[in-house]
Amino acid sequence: MEYSKDFLLNLYSTMVLIRNFELMAEKLFLEGELPGFIHLYIGEEAIATGAIANLRKDDFITSTHRGHGHMIAKGADINRMMAELYGKETGYCKGKGGSMHIADFSLGVLGANGVVGGGLPIAVGAGLGIKMKKSDQIVVAFFGDGASNTGAFHESLNFAAIYKLPVIFVLENNMFASTASTRETTAIENISDRAVAYGIPGITIDGNDVIAVYETTQEMVKRARNSGGPSLIETKTYRIKGHFVGDPELYRNKKEVEEFWLNEPIKKFEKRLEREKILNGTEKKNIWESAQKKIKEAVIFAKESPIPDGKDALTDLFIHDSGYDY
Amino acid sequence: MREITFAEALGEAILEEMEKDPAIFTYGEDIAKQGGIFGAYKSLLGKFPDRIFDTPISEEVIYGSALGAALVGMKPIVEFHFADFLFTGIQSITLQIEKIRYMTGGQGKLHLLLRGPDGISNSAAAQHSECIETIFMHVPGIKVIIPSTPYDVKGLIKKALQEDDPVICFEHKMLYRIKGPVPEEDYTIPFGIAEVKREGNDVTVVTISRMVHESLKAAEELKNDGISAEIIDLRTLVPWDKKTVIESVKKTNHLVVAHETWKRAGWGAEITSVVQEEAFDYLDAPIIRVGAKNVPMPFAANLQDFVTPNYKDVIEAVKQILR
């Protein structure tokens, strides 16, 4: 398919913004600036970017513990994201969630999720709600190869299939579930084969090719919007970084990681854009610098933001806080 | 006033709210065609075929999907079939439903109701008899209601369906067929307001659900021995009506807490602890708890009877405390 220069450069810019957010998060965490756990999306940017480029603002996504990329691709405010990583009052969750629980319901982001597979039933429920409302919105559920071995995955695909819910299950197979290699924890080569068991389309694609992700998702989005029901897209990628920042990575050798760096999605897309004369050196420099500037500003915003008031720990559990003894 | 069963009152509450609010829909196992294992949905049979449906036996996605549907603005009511099977989908409740609002900094309204049967019945044994309300009182993030009468189930369910927070309702299997007065006109019962079912001066018995009826029976017998017992039905555990309980204890100076769930670390321990923290000086004797013995529910009728508390255990506890 032919795409406009603007469209392609937008995809590229989103991927670059995600990459820079993650590089900064990694740096800040290693410097001891950020508490908690950080799971980086580095090397997987093409999936969130390509898939979400098909969505409307009023469509929904569910995300994972490795969720920064999904948030950014859906249009999240990176200042509020960074502030949440810092546990600040101005963060998306007012410091109550942190990296693993960032959400913006107004953007249709129904939450990152600290439970592997935890977002899948929620995505299915969003699809069910949409069907009950008779709206044409859709849901994209991002999850990993680890989640594909949970009961929630199997229950969710079956449930979505029987009610023909508008849910696209986007499996990010990054070859690792925490420290466990997918090859050792999953008996089949392509996890999308499991779609057959639920009577829905299943397809495996290169998750490092943003255009392939875009085009495949587009087809499934069209299907879902026209009441055709759910589908499973397995995007094959590689988790270049550890499970979390600071992971000693005893379970794999460095050489394997170096080999996969050669096929990382941003370089791969750059090569194509340069070959097609869509991206030149100046434009590339501008896009990277612009992303880095935004990230730096986000860090300043986060650092300058106040920490939450201690007493605020007792708010937000129920809508009307007063009158209930926690 | 007309008398209807607990199940009929429940059905009326759901039906009336569904008629008012098109966002409400309800699903679960064995409800749409069969009306529920214990007939809770019998009065809904044939009504709203698009908004009442049966699901596969997939509890994790049943409970989790209620959350997703609530997040996109719908108001799901999910039946949990047996309280025991809350455990088969527990992550969707304790890790998702109960936490999402808090961990996202208070985003969104979660208008969802989980409801279904709990407690003993006719030899249902270990995996179909549990009372596990304490767990949901313990993990913060869901309101817990446990009605004991047709009047209360209607009023509390209607209130739950107007709440913007998640609610879980436990309905004792042996209560579905009991009859009681329920007015025709619309009403709701606020959460956190206990009902003094019977006034008394010598001892306070705090209880819920089936044990309300056992405690009332106990009070009637105790009267013959010249003992005046005050019976308080908490009706909701999150929030629970501390004020009414403490006021009563200040009057009677004696407290028994009676529940069907296990005595060990059952919610009675929480009530006991709060009362001794806040009204210690008013107590004339140690607080006594009545609860199930700390084993899974056995099958044989005599074994089930041995494990499960009833009115005789309440009488014994009251006599012990007043000794």
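This is a predicted model: local features need pLDDT of at least 70, side-chain atom pairs count only at pLDDT 80 or more; totals for chains, interfaces and linings use all residues.
**View 1. B:Y27 stands opposite B:V78 of strand β4(B).** The two strands here are β2 (residues 24-28) and β4 (residues 75-79) of chain B, which run parallel and are joined by four bridges. Residues are numbered from 1 along each chain as its sequence is written, and chains are lettered from A and ligands numbered from 1 in the order in which they are written.

**View 2. A sheet of seven strands in chain B is open and has mixed pairing.** Its strand order is β3-β2-β4-β5-β7-β6-β12. Two strands pair if DSSP finds at least two bridges between them. The edge strands, β3 (52-54) and β12 of chain B, each pair on one side only. From one strand to the next, the twist averages 20 degrees. Axes are lines fitted to C-alpha atoms, for helices over the stretch in contact, and angles run from 0 to 180 degrees between N-to-C directions. Helix α6 (residues 150-162) of chain B lies across β2, β4, β5 (113-118), β6 (143-145) and β7 (167-172) of chain B. Its direction is at about 160 degrees to that of β7(B). Contact between two residues means that their C-beta atoms, placed from the backbone, lie within 7 Å.

**View 3. Five strands of chain B form another open sheet, in the order β9-β11-β10-β13-β14.** The pairing is mixed. At the edges are β9 (195-198) and β14 of chain B, each pairing on one side only. Neighbouring strands of this sheet are turned by 25 degrees against each other on average, direction ignored. Strands β13(B) and β14(B) run parallel and are joined by four bridges. Within this pair, B:A258 stands opposite B:V290 in β14(B). Helix α11 (residues 311-322) of chain B lies across β10, β11 (229-233), β13 and β14 of chain B, running at about 160 degrees to β14(B).

**View 4. Strand β10(B) is mostly covered, with five of its five residues buried.** A residue is buried if 20 or more other C-beta atoms lie within 10 Å of its own, exposed if 12 or fewer, and partly exposed in between, with C-beta atoms placed from the backbone. B:V203, B:V205 and B:T207 are on one side of the strand, B:T204 and B:V206 on the other. Five bridges connect β10(B) with β11(B), and the two run parallel. The bridge partner of B:V205 in β11(B) is B:I231.

**View 5. Helix α9 (residues 267-279) of chain B packs on the five-stranded sheet.** The helix has 13 residues and reaches 18 Å from its first C-alpha to its last, close to the 18 Å expected at 1.5 Å a residue. The expected span is 1.5 Å times one less than the number of residues. B:W267, B:G268, B:I271 and B:V275 are buried in α9(B). Seen down the helix axis, these buried residues fall within an arc of 105 degrees, so they line one face of α9(B). The arc is taken over the directions from the helix axis to the C-beta atoms. The exposed residues B:S273 and B:E277 are on the face turned away from the buried side. Among the elements that cover the buried residues are α5 (133-138), α8 (242-252) and β13 (255-262) of chain B.

**View 6. Helix α7 (residues 210-224) of chain B spans 23 Å between its end C-alpha atoms.** This agrees with the 21 Å that its 15 residues should span at 1.5 Å a residue. Its buried residues, including B:M211, B:A218 and B:L222, pack against β7, β9, β10, β11, β13 and α11 of chain B. Just after α7(B), B:G226 takes a positive phi of about 80 degrees.

**View 7. Chains A and B meet in a contact that takes 39 residues from chain A and 35 residues from chain B.** On the side of chain B that touches chain A, α2 (59-71), α3 (90-97) and α4 (100-103) of chain B each supply at least two residues. Helix α2(B) gives the most, with nine residues.
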